Amino acid sequence: MILDCQNICKAFGTNVILDNISFHLEEKEKMAIVGINGAGKTTLLKIIMGEESADSGQVIISRDRTIGYLSQYQENNYNTTVRGVMMDALKPILELQDKMRELENVMSGQSGEDLEKSLELYNRYTHEFEYKNGYSCESEANGVLKGLGFSKEDYDRHTDSLSGGQRTRLALGRLLMVKPDIIILDEPTNHLDMESISWLEGFLSSYQGSVIIVSHDRYFLDKIVTKVVELDNGHSQVYNGNYTYFARKRAEIRENMMKAYINQQQEIKHQEEVITKLKQFNREKSIKRAESREKMLSRIERLDKPTEVASEMRITLEPNILSGEDVLTIEGLSKSFGDNTLFSGIDMDIKRGEHVALIGGNGTGKTTILKMINKLIPKDSGAIILGSRVKIGYYDQEHQVLTMSNTIFDEISDAYPDLNNTRIRNVLAAFLFTGEDVFKKIQDLSGGERGRVSLAKLMLSSANFIILDEPTNHLDITSKEILENAIRNYTGTVLYVSHDRYFINQTATRIIELRNKELTSYIGNYDYYESHRTYTSDNASPFTPISGHTETAAAPVVSQAKLTWQESKAEAARKRKKENDLKKLEDAIEKLENQIAEIDEQFLLPENATNVGLLNDLTKDRTATQSQLDDLYEQWETLSEE
């Protein structure tokens, strides 16, 4: 055990943030701390770091262990360049290297016993230098900078010229090079693009020290952590697994807790009714029995109602009108801003019922495509064709669809006058607007709050083609899960831009990547995309650009191998057939397993114990059935591995 938090308590006035929080961190363990906004995650990290004191409890860190902390916001504490910050992290190694050089010069003029002593010291220096990766530390530092999105041109930039996001990335790079025994990261992915996040995942997964992460990026947590500590209403619960395991287990635990709570409440209500009835009889014996029941009831340890997302807050989306099969067709679309050509001659089509994620690096033109579809900015050339009976609902990052003078409540009620107050409040509560918050004016809200209002408004629309631009920005995990559930069950068509890979993984049936001014289609979710994407022209891949052109020599091959809609449809059909075949096999397996169970029951019946003929027949039947079952198991394994 490298770190132990024991009964940590912290309150601000009468507001108890942390109440007897306990957990421990093992050597090389990767752990996440999760909870809704305001649950006390950052406060807990500051207590561990000694930046804030706990009201009670203690944090124990193993002797001689180093700890490094990346907060969400970074001040510019360095009067140097980007490269200078990284070299500062390597200062102990570089100083050791200087000692080695000095000792080499000294040894050149030594002999005898003095030389032997110097050689012994030199060997210790060399061993430590090698252990700290001294021979390749500078190239490693360059690799870290590249992985975090810095180009070679950035290396000589002064830190004063960096944006807040760049300073955070640089601070992260420095921390990774220092290599403390425990790394603590507070929202480390906030200023990283997908490629940098993917690089950081690989770095942290193979990191030889321990890691504690606070992050809303659930896909990131899934890739790295093996333990999750949840903070909920001041209390903590430890789950040994990744984020997906935690989410599933938490749901099971809360469901069981809710059942226990409801059962206890029903029993209490029943006992209270019986007590009331006994007292109404007004007889000595019945009154004594009532008093006895009251004593028993007073000794019951009352269960607290577990926190949950109320069922009425589970937003449902359903289009009123069914669109045609062809929802969106884009042909030869081009767009430039001055000398910057985002893309030229790209094609794309979306069919009814598809949930399509449009992904790509920052500045590639994803949001521009969405705005052109919604006629917010003009196209340079090409055609954007909407299918028959298509009604668009659009969520814009810039929230242009809100009336600034309205209150939050009025914004929803004006758009949907048929909704009652309870329904409006429940929807707003799902997006973190409760109590008097609903009467705030739109003009007084932050950008993130306006985004949540726009999203709540869209969720109630009757659109059959929903277009979303970064819908999960500024949402906590609970709100993201509500949105995911709504989109996953939506029978209409969805096109969205998002950097939230967990959200994409949960909701997308197809991914279109905009890269190098071309679109490439992948039929599947983000996991599928991750396992099949390719970026290098010399790697053979079944996935090739579906639109645009390329300036490389491989352009003719690419154009001949475009992933057409017919090919996409055929691939989807193959996938459906495989799923159907697997379902049939599973049903057949279940039937045979039930038959074997019935035969085994026959074996155990006392009246059959002496019936030799019947037992022989049962044995034959069981052997034959088991043989069929083994064959089906093999078929299922073969089909599953295809």
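The model is predicted: local features need pLDDT of at least 70, side-chain atom pairs count only at pLDDT 80 or more, and totals for chains, interfaces and linings use all residues. Residues are numbered from 1 along each chain as its sequence is written, and side-chain values use heavy atoms, with hydrogens and water left out.

Start inside. In soluble globular proteins, nonpolar side chains tend to be buried together. A nonpolar core here is a set of buried Ala, Val, Leu, Ile, Met, Phe, Trp, Tyr and Cys residues joined through side-chain atoms within 4.5 Å. Buried means under 20% relative accessible area, exposed over 50%, and partly exposed in between (1.4 Å probe, protein chains only). The largest nonpolar core has 92 residues. Leu204, Leu468, Ile504 and Ile511 have the most contacts inside it. What does Leu204 touch, leaving aside its neighbours within four places in sequence? Its contacts (heavy atoms within 4.5 Å) are Lys30, Leu176, Leu185, Val211, Ile213, Phe220 and Ile224. Another core lies apart from the largest one and has 24 residues. Val327, Ile330, Met348 and Leu370 are among them.

Now look at the rings. A pair of aromatic rings is described by the distance of the centres and the angle of the planes. Rings of Phe, Tyr and Trp (its six-membered ring) pair if their centres lie within 6.5 Å; planes under 30 degrees apart count as stacked, over 60 as edge-to-face and the rest as tilted. The structure holds 11 aromatic pairs. One of them joins Tyr219 and Tyr526, edge-to-face, with 5.2 Å between centres and 85 degrees between planes. Tyr219 sits in helix H8 (residues 218-224) and Tyr526 in helix H17 (residues 526-532), so this pair ties together parts 307 residues apart in sequence. Helices (H or I, at least four residues) and strands (E, at least two) are DSSP runs, numbered from the N terminus. Both Tyr219 and Tyr526 are buried. Tyr496 and Phe503 also pair edge-to-face, at 5.2 Å and 65 degrees. Tyr496 counts as buried because its relative accessibility is 0%.

The rule asks for NZ of Lys or CZ of Arg within 6 Å of the ring centre and within 35 degrees of the ring normal. Arg169 lies over the face of Phe150, 4.8 Å from the ring centre. The charged end of Lys335 sits over Phe337, 5.0 Å from the centre of its ring.

Next come the salt bridges. Side chains of opposite charge can pair when their charged atoms come close. A salt bridge needs a side-chain nitrogen of Lys or Arg within 4 Å of a carboxyl oxygen of Asp or Glu. The count comes to 34 salt bridges. In one, Glu230 meets Arg254 at 2.8 Å, N to O. Glu230 is in strand S8 (residues 227-232) and Arg254 in helix H9 (residues 243-281), 24 residues apart. Glu230 is buried, because its relative accessibility is 7%. Arg254, at 22%, counts as partly exposed. Lys351 and Asp326 form another bridge, at 2.1 Å, N to O. Lys351 lies in strand S11 and Asp326 in strand S10, so the pair ties together parts 25 residues apart in sequence.

Finish with the backbone. Asn20, in strand S2 (residues 15-25), has phi near 55 degrees, a positive value in a residue other than glycine. Asp64 has phi near 65 degrees, also positive. Where is Asp64 found? Asp64 is in the loop between strand S4 (56-61) and strand S5 (67-70). Asp64 counts as exposed because its relative accessibility is 73%.
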